[in-house]
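Take a look at the model below.

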Amino acid sequence: MIRRLGRNNGIPLQEFVVRNDSPCGSTIGPILASKTGIRTVDIGAPQLAMHSCREFMGVQDAKHYYDLMLAFYADQEFFNAPAALL
């Protein structure tokens with residue numbers, strides 16, 4: 001769903017997967033998916049040193065994330081289509 005939204009709106013995406021054995025923090029996405037059964041997509045803007053006193057983010061990355069959110073909420077097809085079609 002998010003890949004198609006990015007492709008249809010000319011928004012570049014980066015994909016990143018944290019290995020299970022990596023000593024990395026988690027987000028609420030996997031927790032919600034495992035506890036509730038709700039289909040989730042855990043997305044965010046790429047950052048360096050998240051939650052540190054010197055957190056960095058590219059200006060274009062912020063713009064791409066903003067554009068993706070605008071496209072998501074403007075596209076009612078995603079809200080009305082059956083999950084199997086997404």
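D67 has a relative accessible area of 22%, and is therefore partly exposed (between 20% and 50%; buried is under 20%, exposed over 50%, with a 1.4 Å probe and protein chains only). Its partner is K63: the two form a salt bridge, with the closest N and O atoms 2.8 Å apart. A salt bridge here is a side-chain nitrogen of Lys or Arg within 4 Å of a carboxyl oxygen of Asp or Glu. K63 has 42% relative accessibility, so K63 also counts as partly exposed. Why are K63 and D67 separated by about one helical turn? Because they lie four residues apart in helix α3.

The model is predicted: local features need pLDDT of at least 70, side-chain atom pairs count only at pLDDT 80 or more, and totals for chains, interfaces and linings use all residues. Residues are numbered from 1 along each chain as its sequence is written, and side-chain values use heavy atoms, leaving out hydrogens and water.

How many salt bridges does the structure hold? It holds two. E15 and R3 are both exposed.

Now the fold. The protein has four helices and zero strands. Its pattern along the sequence is α-α-α-α. Helices (H or I, at least four residues) and strands (E, at least two) are DSSP runs, numbered from the N terminus.

Leaving aside residues up to four places away in sequence, I2 touches L13, V41, I43 and L68. Contact means heavy atoms within 4.5 Å.

Finally, the whole chain. Buried residues make up 12% of the 86 residues. The protein exposes about 7100 Å², of which carbon and sulfur atoms supply 58%. These areas come from the Shrake-Rupley method with a 1.4 Å probe; for residues, only the protein chains shown count as cover. Of contacts between residues at least 6 apart in sequence, 51% join residues at least 24 apart.
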